[in-house]
Amino acid sequence: MTNPLGNASRNRPGLPTPPSGWPVGSYPTYAEAQRAVDYLADNAFPVENVTIVGVDLMQVERVLYRLTWGKVIGGGIVSGAWLGLFMGLLLSLFTNGAALIVGLVGGIIFGLISTAIPYAATRGQRDFASTMQLVAGRYDVLCDPKAAEQARDMLARLAI
């Protein structure tokens with residue numbers, strides 16, 4: 001059967017596929033794997049044959065600080081004030097000077113509401129702020145088989 005749209009899908013990227021190649025190095029941190037690939041690039045190795053693969057992926061949530069009503073309300077006031085000042089400045093270009101004050105007050109009210117309601121909805125079940133990261137247990141450097149031996153030899157010199 002032919003596609004009635006012609007070859008419209010020809011320029012679309014394919015579905016995700018696992019990386020291929022032979023392992024030429026394994027490193028505990030991404031920075032070390034990046035350093036290895038940079039070393040290959042600095043020594044005129046065709047790095048288009050190289051892939052860095054994170055193995056044993058983990059989702060890590062790093063807790064930043066404890067949330068309190070004071071921090072939530074303070075953060076809402078500050079972020080709302082910035083938004084309100086910006087909107088007030090834009091409005092004051094087209095109206096009288098009172099738009100700046102109206103924007104500031106409106107922004108503070110909006111900031112308080114937009115932070116207090118979600119925090120209250122948690123009912124104390126999440127009284128901390130955090131960030132999420134996806135990290136790997138190790139980082140493997142893979143290379144196309146045709147150049148893997150050369151890459152492995154070059155990276156062995158890097159370790160010396």
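Which residues in α1 meet which residues in α4? R35, A36, Y39 and L40 in α1 meet A151, M154, L155, R157 and L158 in α4. Contact here means heavy atoms within 4.5 Å. By class, this contact has 7 nonpolar, no polar and 2 charged residues. Ala, Val, Leu, Ile, Met, Phe, Trp, Tyr, Cys and Pro count as nonpolar, Asp, Glu, Lys and Arg as charged, and the others, Gly among them, as polar.

The model is predicted: local features need pLDDT of at least 70, side-chain atom pairs count only at pLDDT 80 or more, and totals for chains, interfaces and linings use all residues. Residues are numbered from 1 along each chain as its sequence is written, and side-chain values use heavy atoms, with hydrogens and water left out. Helices (H or I, at least four residues) and strands (E, at least two) are DSSP runs, numbered from the N terminus.

Helix α1 covers residues 30-42 and helix α4 residues 145-159. Their axes come within 10 Å and cross at roughly 110 degrees. Axes are lines fitted to C-alpha atoms, for helices over the stretch in contact, and angles run from 0 to 180 degrees between N-to-C directions. α1 and α4 are therefore roughly perpendicular to each other (65 to 115 degrees). Their crossing is right-handed, meaning that the near helix is turned clockwise from the far one by less than a right angle.

In α4, A147, A148, A151, M154, L155 and L158 are buried (under 20% relative accessible area, 1.4 Å probe, protein chains only). Their cover includes β1 (22-27), α1 and β3 (128-143). The length of α4 agrees with expectation, because its 15 residues should span 21 Å at 1.5 Å a residue and its end C-alpha atoms are 21 Å apart. The expected span is 1.5 Å times one less than the number of residues.

In α3, A99, G103, G107, G111 and Y119 are buried. These buried residues pack against α2. Just after α3, R123 takes a positive phi of about 50 degrees.

G97 is found in the loop between α2 and α3. At 59% relative accessibility, G97 counts as exposed (over 50%). G97 and V135 are 38 residues apart in sequence and 50 Å apart in space, C-alpha to C-alpha.

Notes
Parallel < 35°, antiparallel > 145°, perpendicular 65-115°, else oblique.
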